[in-house]
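Biologist: Hi! Could you walk me through this one while I have it open?

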Amino acid sequence: MLKDDLMIKENQRLKAAYAELEKFSHTIAHDLKNPLAVIKSYAEILEYNTSLDDKARAHVKKIWSNSVKMNSLINEILKYSKLGIENVTYAVIKMEPMLTELHEELTLSLKVTNLHFNIKGTPDIYGDPTMILQVFTNLLSNAIKYSAKAEMPEVFVDGRDDGTEIIYSIADNGIGIDPSAYSKIFELFTRLHIAREFDGSGVGLAIVKRLVEKHKGRIWLESEVRKGTIFYVAFPKA
Ligand code: ADP
């Protein structure tokens, strides 16, 4: 009995600490955005100041571009911290049209022309349509982005029903991930050294993991450096 009471208390304490942390990161992100907008505006004004020489103008440009980058990082933190309070609204999601559309949108926005993209099994997923779209958008854009410099970039998506779960794999033949980094890449702001020449914020997979876990699902990967990566996501059936 005493043990049960302790467990309930500890649970409540953890829940309160978690809510506090969510609120804190949300506030920080909002409070950081205002001064940053001021820095960005002054950098824009300075850039057109004719009394600046080329070197000074290049420095101002760096201030401007880094403030733009920081603004998008703050937006990502906001997105991530908001996830904690969002509820999952379940529906049956038709995966075939979602994946086909995603392929079209992403190849356009990431400007890839020589990608071989294949979709095989497309079983429906029972989940929150917006959240599931976000999961696949992140995993597919990573697969396309990190294989874009391969001689013949290939991305292969396959889904199957194993009786208790719907399991999707997203495979690419890109730069790969060292096994020592498998758990690290799901942490906020982690970017691997090998990925530095590609744009990114290191937030996508942290968001994906959180969304998958909100659905009581699982995510894992297999990879080989310079050969490619397969991400797996599994969602419980309805
Ligand atoms: P990013 O914005 O950097 O892509 P993510 O959180 O989506 O952030 O991914 C974290 C890191 O995991 C990436 O910076 C990269 O090092 C690695 N990564 C993710 N997906 C892949 C992939 N398909 N192939 C190789 N590396 C990947």
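Modeller: Happy to. The chain has five helices and seven strands, where helices (H or I, at least four residues) and strands (E, at least two) are DSSP runs numbered from the N terminus. This is a predicted model: local features need pLDDT of at least 70, side-chain atom pairs count only at pLDDT 80 or more, and totals for chains, interfaces and linings use all residues. Residues are numbered from 1 along each chain as its sequence is written, and side-chain values use heavy atoms, with hydrogens and water left out.

Biologist: In what order do the elements of the chain run?

Modeller: From the N terminus, the order is α-α-β-α-β-β-α-β-β-α-β-β. Along the principal axes, the C-alpha atoms fill a box of roughly 70 × 55 × 35 Å.

Biologist: And what share of the residues is buried?

Modeller: Of the 238 residues in the chain, 36% are buried, meaning under 20% relative accessible area with a 1.4 Å probe and protein chains only; exposed is over 50%, and partly exposed lies in between.

Biologist: Let's switch to α4. Is α4 mostly covered or mostly open?

Modeller: Mostly covered, with 14 of its 19 residues buried. Helix α4 takes in residues 129–147, and its end C-alpha atoms are 27 Å apart, which agrees with the 27 Å it should span at 1.5 Å a residue. That expected span is 1.5 Å times one less than the number of residues.

Biologist: What caps the N-terminal end of α4?

Modeller: D128 does: one of its side-chain oxygens lies 3.1 Å from the backbone nitrogen of T130.

Biologist: Now M95. Where does M95 sit, and what is it in contact with?

Modeller: M95 is in helix α3, residues 95–109. M95 counts as buried because its relative accessibility is 0%. Beyond neighbours within four places in sequence, the contacts of M95 (heavy atoms within 4.5 Å) are T122, P123, D124, I125, I132, F136 and Y168. M95 and F136 are 41 residues apart in sequence, while their C-alpha atoms are 9.9 Å apart in space.

Biologist: Last one: which residues of α5 are buried, and what covers them?

Modeller: Helix α5, residues 204–214, has eight of its 11 residues buried. They are G204, L205, A206, I207, V208, R210, L211 and V212. Their cover includes α1 (2–47), α2 (54–83), α4, β6 (218–224) and β7 (228–236).

Biologist: What follows α5?

Modeller: K216 follows α5, and the phi of K216 is positive, near 60°.

Technical notes. A polar contact is a pair of N or O atoms within 3.5 Å; within protein, one must be able to donate a hydrogen and the other to accept it, and residues adjacent in sequence count only if both atoms are side-chain atoms.
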